[in-house]
Amino acid sequence: MDHISNEASVDRFPIGPSDILGKTIAFRVLFCKSMSHLRYQIFQLLLGFLYKFKGVLKLKPFLSWFHPRNPQGILAMMTIVAILLKRYTNVKVRAEMAYRRKFWRNMMRSALTYDEWAHGAMMLDKLTPKMNESDLYDVELVRNKLQELRHRRQEGSLRDIMFCMRADLVRNLGNMCNPELHKGRLQVPKLIKEYLDEVSTQLRMVCDSDSEELSLEEKHAFMHETRHAFGRTALLLSGGASLGAFHVGVVKTLVKHRLLPRIVAGSSVGSIMCAIVATRSWPELQSFFEDSLHSLQFFDQMGGIFAVVKRVAMRGAVHEIRQLQMLLRHLTNNLTFQEAYDMTGRVLGITVCSPRKHEPPRCLNYLTSPHVVIWSAVTASCAFPGLFEAQELMAKNRSGDIVPYHPPFNLGPEEGSTPSRRWRDGSLEIDLPMMQLKELFNVNHFIVSQANPHIAPLLRLKEFVRTYGGNFAAKVTYIYLSS
């Protein structure tokens, strides 16, 4: 006879939900129930405490104040209600103002034109509480200098004005160039604007004076020395491939409002716009953005797969650069850096890099390379490795003929033993030539159009690889990640 056991075997089975969503819902239900039970326990504890000590606290006289027949109680109750309503109203108004400020701030970020941005900045300035400007710059110093300038203009002579301005005029007086003063604001603070207007008025007085007291040489020396002490502004246009189209809007807006600096510099695709700006007079520049811009096509079609493979095999580049060269020669009229400066008065800077290991990058301009042809410098600055082949710089000789800028020099009978020096994309090493412009042209303020923010982390990676893998590994990594 088989033995019958009183114990039954039961397999394990889950209790409650098994998936993550079910467990989350079950946990929230249990948590809310536990918190509700905790609040009930605390409420019961407080009631017991009040009941136990009701004789000591003597709540009855206090509660009698809020009886409907007691005028003092009604007054106290109305006062409490008024305070609560006022506080609620203030919170609601502050929340609404914060929402409006956020709305106009978002509109400024997404603005497609300067007029849209200006409208958003004007509305935001009306809704923003007035800041304590004395925390951001020295208000008393600027006000004192403004009063001194006005008094000197009314009482002093032109020589007194020149003497004092030559000693006192600096760009960042009292930290009035603090970025926090101008961030997201349509206008500069009123005191700073009055000071700048007064300085501009006195400079025009000296410049336009017909008095025999001042000679033309003295005026020129004063303006030159004052500008050197005051500093200059430059416009920098970065590389960025197709994102460089954003440079057009920046330059067009500066031209429209007559705020374009006399110094413009750029690399890669930014150098194209710089070359257009630096080779045109002011009327030509204004009409260029209205008539000629839409017809520009800098890059030719790639062609078929066999043509691309042939170019890569023979030249190590995917694209043909001749279309860019032809268009740039048409736009710049074979002008050199020196000729463009003499014609327009604008300083053009274009950065190029050398494939050679020990040759540093260069910022070409009318001081360091006056005879280099501009279209040649631009094509070299656009020659990104893998996309375009490195280019040889071309220049004009004393006869005006276009010749290689650095031709191979051989004393012996052999020819072709020394390869020509070639240059490539300037954004590889010196995307924004700030240090070069500071040293050569005394630039201390920059307007930057950065169209390649995605390059910033790659540059950090490049420095890391250079530290541990050398320059060659850093350049290979940069080219691989940028393409």
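Predicted model: local features only at pLDDT ≥ 70, side-chain atom pairs only at ≥ 80, totals over all residues.
Residues are numbered from 1 along each chain as its sequence is written, and side-chain values use heavy atoms, with hydrogens and water left out.

The protein contains 19 helices and eight strands, where helices (H or I, at least four residues) and strands (E, at least two) are DSSP runs numbered from the N terminus. Of the 483 residues in the protein, 33% are buried; here buried means under 20% relative accessible area, exposed means over 50%, and partly exposed lies in between (1.4 Å probe, protein chains only). The protein exposes about 32,000 Å², of which carbon and sulfur atoms supply 60%, the areas coming from the Shrake-Rupley method with a 1.4 Å probe, and for residues only the protein chains shown count as cover. Among contacts (heavy atoms within 4.5 Å) with a separation of 6 or more, 70% are between residues 24 or more positions apart.

An unreviewed UniProt entry places the feature "active site" at Ser268 and Asp425; UniProt positions are given in the numbering used here, feature names are shortened, and annotations may be inferred rather than shown by experiment. Ser268 is located in the loop between strand 2 (263-266) and helix 12 (269-278), and Ser268 is buried, with a relative accessible area of 9%. Asp425 belongs to strand 7 (residues 424-425) and is likewise buried, at 2% relative accessibility. When neighbours within four places in sequence are left aside, Ser268 is in contact with Gly239, Ser381, Cys382, Asp425 and Ser427, while the contacts of Asp425, with such neighbours left aside, include Ser268, Cys353, Ala380 and Ser381.

Three aromatic pairs were counted, under the rule that rings of Phe, Tyr and Trp (its six-membered ring) pair if their centres lie within 6.5 Å, with planes under 30 degrees apart counting as stacked, over 60 as edge-to-face and the rest as tilted. Tyr341 and Tyr366 form a stacked pair, at 4.0 Å centre to centre and with 5° between the planes. Because Tyr341 lies in helix 16 (residues 337-344) and Tyr366 in the loop between strand 4 (362-364) and helix 17 (374-381), this pair ties together parts that are 25 residues apart in sequence. Tyr341 is partly exposed, at 24% relative accessibility, whereas Tyr366 is buried, at 15%. The rings of Tyr366 and Phe441 are also stacked, since their centres are 6.0 Å apart and their planes lie at 25°. Phe441 lies in helix 18 (residues 434-441), so its pair with Tyr366 ties together parts that are 75 residues apart in sequence. Phe441 is buried, at 5% relative accessibility, and Tyr341, Tyr366 and Phe441 form one aromatic cluster.

A nonpolar core is a set of buried Ala, Val, Leu, Ile, Met, Phe, Trp, Tyr and Cys residues joined through side-chain atoms within 4.5 Å. The largest such core has 55 residues, and those with the most contacts inside it are Phe337, Ile374 and Leu437. Helix 12 provides the largest share of this core, eight residues. Apart from this core lies another, of 20 residues, among them Leu146, Leu149, Leu191 and Val206.
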